[in-house]
Amino acid sequence: MGNKVKDYKLSQTREASDGHSLIPPCQVACPLHMEIGKYVDLVAQGKVIEALQVIREGNPFPSICAYVCTHPCEDACRRGQVDKPISIRALKRFAVEFGGDRMIELEAETAQSEKVAVVGSGPAGLACAYYLRKLGYPVTIFEAYSELGGMLRVGIPRYRLPREVVDTEVQRLLHMGIEIKTNTRVISIDLLFDMGYKAIFITVGAHQSLRMGIEGEDSPGVIDGATFLREVNLGLKPSLGQKVAIVGGGNVAMDAARAAVRLGAGKVSILYRRSKAEMPASPEEIEQAMEEGVEAMFLVAPIKMKRGNGRLNVTCIKMELGEPDTGGRRRPVPIEDSEYDMEFDTLITAIGQAPQISEDFHLRLGRGSTIQVDPVTLTTNRAGVFAGGDAVTGPATVTEALASGRQAAFRIDDYLHHRYPLPEKEAKETLSGELGTETIEMIKKIERLEPPLLPPEARTKEFKPVELIYNWETAVDEARRCLRCGMGAEIIFQDKCATCLTCLRVCPYHVPYLDKWGAIQIPADQCQACGICVAECPAKAIILRKPYDRRHINEELEHTLKSAAQSKSKQLIIGFCCQYGLFGTGTLAGLWREGRAGIWIVPVLCVAKLEEEHILRAFEMGAEGVFIAGCGERCSRENTAFWVLQRVEVVKRVLSQIGLETERLETLNLRVADDDISESLDNFTERIGGLCLASVIKEEVKR
Amino acid sequence: MANSLFEEKLNSNEFLVTTEIGPPKGADVSEMVHHIDLLKDKVDAINVTDHQSSVMRFPSLGGCLLVKECGGEPIYQVTCRDRNRLALQADLLMAYSRGVTNVLCLTGDSVDVGDHKEAKPVFDLDSVQLLRMARELEAGKDMGGNELKGAPQFCLGASVHPEADFIEPQLIKFEKKVTAGARFFQTQGIFDLESLKKFMQYASQFNVKILAGIIVLASARMAQYMNDNVPGIIISQAIIDELANVEKGKGLQKGIDIASRFIKTIKEENLCHGVHVMAVGREGIVPDILAAA
Amino acid sequence: MIIAEQKSLEEIRRVIAPYEKVLLLGCGTCVTVCGAGGEREVAFLHSALRVAQAKSHDGVHNFSECTVKRQCDFEFLDVLEDKVNEVDTVLSLSCGIGVQVVAERFPDIPVLPGVNTSFMGMAKEWGVWDERCAACGDCRLAETAGICPVTRCTKGILNGPCAGTKDGKCEANKDMDCAWILIYKRLERLQQLEKMRRYYPPRNFRVIPRPRRIVVRADVESGGDNG
C-alpha cells in the first residue's frame with residue numbers, strides 16, 4: 001500500500017443495503033453511534049480497508065479511540081450474555097493499523113464564509129474543528145499550551161496513547177486547512193467576535209484537580225494528579241522518591257499510579273475509600289496496574305498530612321460501606337477511632353477534576369463549575385457561543401468528547417444557516433432485550449480472543465504502548481464471534497407465508513414461534529441471522545433484515561461468470577467459498593491469486609446462505625465443476641455443514657437426472673478443516689479434468 | 001357331525017399332524033404331485049399356501065384339488081390380499097363344490113414383501129371378517145344378505161402367533177377368530193416351547209384345537225434371514241446359536257433334529273393338540289422329521 | 001394438508017417437450033408447505049430445466065414462472081389470464097385438484113401436472129411427511145383411539161393386528177409403526193380396550209362412489225351435475 005489513500009467522503013446517506021436492520025445495542029451504547037456491527041463483520045471477512053472506511057465514517061479520530069476508548073459498546077454487547085463480549089476496541093485498533101489509517105489524507109475546501117473559533121484542542125475541540133472543516137468552514141483552533149490535543153496530550157500517559165498517534169491526527173487537520181494558534185490563551189469571547197468569528201465553540205476541558213480539603217494538603221510532596229500527569233506527559237520526570245501513594249479510584253488515579261511505576265517508584269499504593277467493586281476506573285486498567293505491581297488499599301481515606309524528616313506522614317481512617325447514594329454506589333462511612341498513620345515520599349491526589357472557566361467569558365456555569373448548555377443545540381447563554389466536552393460534562397471519556405465535538409459542529413452549522421436542528425437521520429428502531437435462554441444455549445460458545453499485551457516486566461521500564469495488535473487470523477476469528485444483532489430474518493411477505501413452519505423447524509436457535517393468532521413470528525431481538533430459514537422457506541417469504549448477503553452472492557456470481565466468460569481458459573470451475581474463514585484469512589484468496597487456471601471464486605458470507613439455485617446457476621452458465629468450501633470447525637454457526645450437504649444432495653439429484661456426473665459438485669473444508677485445502681482442490685480439479693465430458697460451457701454467457 | 005376327514009380327527013383326541021405345500025411358480029405341477037404322494041399318508045392334512053409371502057404362484061385352490069386327486073386331505077389357505085368379497089365368496093363356493101372343505105382363513109401378507117410390489121392390495125376383508133363370511137355362507141346367505149341356492153359347509157381354521165413380541169393384541173384377535181367360528185388354529189412358527197405352554201394355559205379355555213407350527217430351518221443364516229424378512233417369524237437366539245454351532249453342511253440335519261425334538265416334546269408332554277410342519281420349500285424332508293419324532 | 005412430490009426432471013422434460021413456451025405455475029398453499037410446488041420449488045425447477053436445456057443443447061423452451069396463492073379456486077387464477085395467453089402450455093405444480101381447476105379455467109391451453117399428489121398428511125418433522133387420512137368417507141377414529149387403521153395399517157384391516165407385526169413395526173416397512181399396536185396401546189391408556197374386542201364388519205365402500213361431492217348449502221340438492 002505505497003500510495004496514499006484518498007479521503008473518504010463524509011457519508012450522510014445510508015446505504016440501501018441496510019434494509020430493515022435494527023440498530024444493535026453496541027451502536028446504541030457508542031457515544032458516536034458507530035456502525036460497529038458493520039465494521040466488525042467486515043473485519044471478519046478480512047476486508048480491513050472497507051472496515052476502516054466504515055469506522056472513519058463514524059469517527060473522526062479512530063486511531064485515538066482504538067487506543068483509549070472505554071468501549072461502552074462491549075458492555076452492551078449481547079455476546080456477553082452467551083460468553084464474553086466481542087473485543088470491539090481491539091478490533092478497531094486492528095482495522096486502523098492494518099487498514100492503513102495513517103496513510104489516509106484528508107482534504108477540505110472552504111465553502112462557507114463564516115469563520116468559526118474553537119477554544120481548546122482536546123478531543124471535543126479537534127472533532128468539532130474536523131467536522132466544521134469538512135462542512136467547508138474556515139476554522140481556527142486556539143490552544144493555551146504549546147501543542148494540540150488537550151487531555152490526549154497532557155492527561156493520558158503515552159503507554160496508553162502514543163504521542164505519534166495524536167501528532168498524525170493533528171497533521172491531518174493542518175492539511176485540511178485548519179488554522180492553529182497554540183500558546184494562545186483566550187481571555188475574552190468578545191474579542192473573538194471582534195476578530196470576525198461568527199460562532200465560537202468553548203471546549204477547554206476539566207484540568208483543575210479537586211482538593212481533598214484536609215489538613216496538610218499543600219505540604220511539599222503532595223501533588224495533584226492532573227498536574228503530575230501533565231508534567232510526565234510533557235516529558236518532565238518529577239522526582240517521587242520510593243514510596244508513592246495515589247488517592248482515588250478512577251482512571252486518572254490508575255494513570256498516575258502506572259506512570260509512577262514507570263518513573264521508578266519502588267512502591268506505589270492506591271488509597272481508595274470504597275471497595276474494588278466501586279472503583280470507577282475501567283477493569284482492564286485496574287488489572288494491568290496490578291500486574292505492574294501497583295498495590296491497592298481499599299476502604300481507607302487520608303484525613304491529615306504532615307511533612308517531617310523528609311517524608312510525608314499521612315493519617316488515614318478506615319471506612320465502611322453504608323447506604324447507596326443517588327448514583328447507586330454505596331457511600332463510604334468512616335469507622336470511628338480507626339485512624340492510623342502511614343509514611344510516603346509522595347502523595348498524588350486524583351479524586352476528580354473540574355473545568356476552570358474564566359469569568360471574563362460571561363458564561364453561565366452549573367454544578368461543578370461546568371458550562372451550562374442546551375443538551376440538543378449545545379448553545380450557552382451567549383448567542384453564537386457553544387460549549388462541549390469535559391468543560392460541560394465534567395471529566396468524561398475521549399469518545400464522549402468526540403461525540404460532543406461532532407454534535408457541536410453540526411449544531412454550529414445549523415446555527416450559521418439559521419436552521420433548527422434536524423434529526424441526523426431517520427430514527428431507526430433500536431434492538432434491545434435479553435437473548436432467550438434457549439437461544440443462548442444453542443449459540444456456539446467461542447472464546448474471546450484478546451490482543452497480546454507486553455509482559456508486565458517489559459512495560460514498567462518505559463512508556464511504550466502496553467497493548468499490541470491482533471494478528472490477521474486472530475482478528476478475523478474474534479470478529480466472527482459477532483452475533484449480528486438486528487440483522488436477522490424477517491417475514492417480509494406475510495401474505496405469501498403459508499405458515500408451513502419450515503422456519504420454525506429449521507432454525508438452529510429455536511427463534512421463530514407461532515403466535516396465538518396462528519401467524520409465524522421471528523423476533524428480531526433473538527434471530528442470529530444465520531440465513532437458514534431464508535434459504536429454506538418454500539414460499540420465499542423471508543429475507544434478512546440486512547439483505548446484503550443474498551444480493552452479495554448473486555452479484556458476485558454474475559460478476560464471476562461474466563469475467564470467466566471473457567477469460568480464455570478452457571475449463572471453468574466455480575468455487576463458492578466462505579468469505580469469513582478461508583477467504584477472510586486469505587487462504588483461498590492466495591490460491592486464487594496464484595492464478596490456478598480456470599478456478600473462479602465466489603465469496604459467500606457463510607455457505608449456509610448458499611441456495612440450490614445459486615449452485616445450479618453456476619452449472620447453467622457452463623461451470624464444469626462447482627465446489628463449496630466452508631470454514632471447517634472454525635464456523636461460528638450451528639448446523640452449517642448439515643444444510644450445505646442437504647442442498648448439495650438436492651442439486652446432485654438434479655445433476656444426475658440431467659446426465660451430469662454428481663462428482664462435479666464437491667464440498668471442501670466443511671465439517672472439519674481439510675488438512676491441505678490446496679491439495680483437496682487440486683484433486684477436485686484433476687477429477688473434473690478426468691471426467692472428459694462434452695464441454696458444457698456455452699459460447700457466451702447470457703441472462 | 002363332521003364336514004371332512006380332518007374335522008373328524010379334530011373331534012377325536014388324536015394327536016394331529018399337518019404339513020404344507022407351496023404350489024409351483026408355473027404350470028408344471030409334477031414336483032408338487034410328487035410331494036403330495038410322499039406326504040399324503042404320513043399326515044392328517046396338507047395345507048396348500050395362497051401366494052405365500054405375496055409371491056405369485058399356482059393357486060391354492062388348484063393345489064387343493066391336486067391333493068384331492070392324489071387321495072390326500074387338503075386344507076385350503078385363503079387370504080384377503082388379492083380378492084374382494086365377491087371373489088372370496090365365489091372361491092369358497094367352488095372349493096366346497098369340489099370337496100375342499102377345510103379352510104384356513106388368513107389376512108395374507110403385505111404386497112410389499114412379495115414379487116409384485118406394484119399390485120393393488122385388496123384387503124376388502126380381514127381374517128376375522130373372512131371367517132364370519134364363511135359362516136354366513138354356511139347359513140345359506142351371502143354377504144349381501146341374499147339367499148344361496150345350496151349352502152356350503154366348512155371346517156374353518158385360522159392362525160395365531162403365540163410368540164409375538166407384543167402378545168396382548170394378538171390374543172384379542174385370537175378370541176375374535178374363535179367367536180367368528182374357527183375350529184382349529186395352526187400357529188406361526190414355534191421356537192420356544194415355554195411360550196407355547198404359556199399360550200396353551202390361556203387358549204385351553206376355548207373349544208378349539210391348536211396345532212403348533214414347526215418350521216424346519218436349514219442354517220443359522222436362513223434363520224437370521226427369516227427373522228429379518230419373513231412376516232410373523234421370530235426365531236429365538238438359542239435356536240440360531242444351536243444351528244450356528246454345527247459343522248458346515250450339517251445344518252439341515254440339525255434343523256431336522258430340532259424340529260423332531262420339538263414335535264416329540266409337544267407330543268410326549270401333551271402341550272397342544274398337534275403340530276403343523278412347515279418345511280418351506282423342502283417338503284421332501286417332512287417324512288424324515290416325522291419319522292424321527 | 002395435501003402432500004405431493006415433484007415429478008422427476010426426466011418426466012417433466014418429457015411432458016413439456018412438444019411445447020416451446022412453458023409457464024411454471026406454483027401454488028402457495030399445500031404444495032408450498034410440503035415443498036413440492038411453492039415459489040421456491042418453482043424457481044428451483046426453473047433453474048434445473050434451464051441447466052438441463054443448456055446441457056442437452058436443445059434450447060427450444062422458453063420458461064416463465066408464477067406462483068398463485070391457490071390453484072384450486074378460479075378466483076385466484078384470474079390474474080394469470082395474460083400470462084397464460086402468452087404460453088403454449090402450463091406446467092402446474094399444484095396438487096391434482098389445482099391442475100384440473102387450471103385446465104377448466106383455461107380451456108384452450110394444455111395443462112400438465114408437475115407433481116404427483118400423494119396423500120393427506122402431516123409433517124412428522126422437517127422434511128418428513130406422514131399420511132394420516134385416506135378420505136375413506138366412513139370415519140372410524142372414535143373406535144380406534146384416534147389412530148386410523150385404514151390409513152396407517154398397510155392392509156387397512158379393522159379387527160386387530162396381523163401376525164406380521166414385530167417390534168411395534170409393520171411387516172411391510174420396518175420403519176413404519178404398526179397402527180394396531182399404536183391403537184392397542186392408546187386404547188389401553190384410555191382404558192377403552194373393549195373397543196378392540198368388538199367385531200367390526202367389513203368396510204362400506206359404497207360411501208366413496210367417485211367422484212364425490214359434498215354440499216353444505218341448504219338450497220342445493222346433492223348429486224346431479226358432477227362434471
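In this predicted model, chain A holds an open sheet of five strands, paired in parallel and ordered β3-β2-β1-β4-β16. The edges go to β3 (179-181) and β16 (385-387) of chain A; each has a single partner strand, so one side of each is left without a neighbour in the sheet. On average, and ignoring direction, neighbouring strands here are turned by 20° against each other. At the β3 end, strand β2 (residues 139-142) of chain A pairs with β3(A) in the parallel sense over three bridges, and A:Thr140 sits opposite A:Glu179 of β3(A).

Two helices of chain A pack on this sheet. One is α8 (residues 123-134), which touches β1 (115-119), β2 and β4 (197-202) of chain A and has a direction at about 170° to that of β2(A). The other is α16 (residues 398-416) of chain A, which touches β1, β4 and β16 of chain A, its direction making about 155° with that of β4(A).

These two helices also pack against each other. A helix pair is described by the angle between the axes and the distance between them. For α8(A) and α16(A), the angle is about 35° and the axes are 7 Å apart, and the crossing is right-handed. On the α8(A) side, the residues that meet α16(A) include A:Pro123, A:Ala124, A:Leu126, A:Tyr131 and A:Leu132. Their counterparts in α16(A) include A:Val398, A:Leu402, A:Arg406, A:Phe410 and A:Ile412.

Strand β21 (residues 573-578) of chain A runs alongside β22(A), pairing in the parallel sense over six bridges, and A:Cys577 stands opposite A:Pro603 of β22(A).

Next, the nonpolar interior. In soluble globular proteins, nonpolar side chains tend to be buried together. The largest nonpolar core here has 252 residues, and the members that touch the most others are A:Val43, A:Ala95, A:Ile200, A:Ile246, A:Ala256 and A:Ala257. Leaving aside residues up to four places away in sequence, A:Ala257 touches A:Ile246, A:Val268, A:Ile270, A:Ala289 and A:Val294. Another core, of 99 residues, lies apart from that one and has B:Val100, B:Phe199, B:Ala203 and B:Ala279 among its members.

A:Gln208 belongs to strand β5 (residues 208-209) of chain A and counts as partly exposed, because it has 16 C-beta neighbours inside 10 Å. Not counting residues up to four places away in sequence, A:Gln208 touches A:Gln353, A:Ala354, A:Pro355 and A:Gln356. A:Asp224, 16 residues away in sequence, has its C-alpha 9.0 Å from that of A:Gln208.

As for how the chains meet, two pairs are in contact, and chains B and C share the most contacts. Chains A and B have no contact joining them; their closest C-alpha atoms lie 23 Å apart. Between chains C and A, 23 residues of chain C are in contact with 23 residues of chain A. The elements giving two or more residues to this side of chain C are α1 (9-16), α2 (30-33) and α3 (39-56) of chain C, and α3(C) gives the most, with twelve residues. That side of chain C has nine nonpolar, seven polar and seven charged residues.

The contact of chain C with chain B takes 25 residues from chain C and 28 residues from chain B. On the chain C side, α8 (179-189) and α9 (194-197) of chain C are the elements that give two or more residues; α8(C) gives the most, with three residues. The residues of chain C that touch chain B divide into 13 nonpolar, seven polar and five charged.

Technical notes:
Residues are numbered from 1 along each chain as its sequence is written. Chains are lettered from A and ligands numbered from 1 in the order in which they are written. This is a predicted model: local features need pLDDT of at least 70, side-chain atom pairs count only at pLDDT 80 or more; totals for chains, interfaces and linings use all residues. Two strands pair if DSSP finds at least two bridges between them. Helices (H or I, at least four residues) and strands (E, at least two) are DSSP runs, numbered from the N terminus. Axes are lines fitted to C-alpha atoms, for helices over the stretch in contact, and angles run from 0 to 180 degrees between N-to-C directions. Two residues are in contact if their C-beta atoms, placed from the backbone, lie within 7 Å. Ala, Val, Leu, Ile, Met, Phe, Trp, Tyr, Cys and Pro count as nonpolar, Asp, Glu, Lys and Arg as charged, and the others, Gly among them, as polar. A nonpolar core is a set of buried Ala, Val, Leu, Ile, Met, Phe, Trp, Tyr and Cys residues joined through C-beta atoms within 7 Å. A residue is buried if 20 or more other C-beta atoms lie within 10 Å of its own, exposed if 12 or fewer, and partly exposed in between; C-beta atoms are placed from the backbone. A crossing is left-handed if the near helix is turned anticlockwise from the far one by less than a right angle, and right-handed if clockwise.
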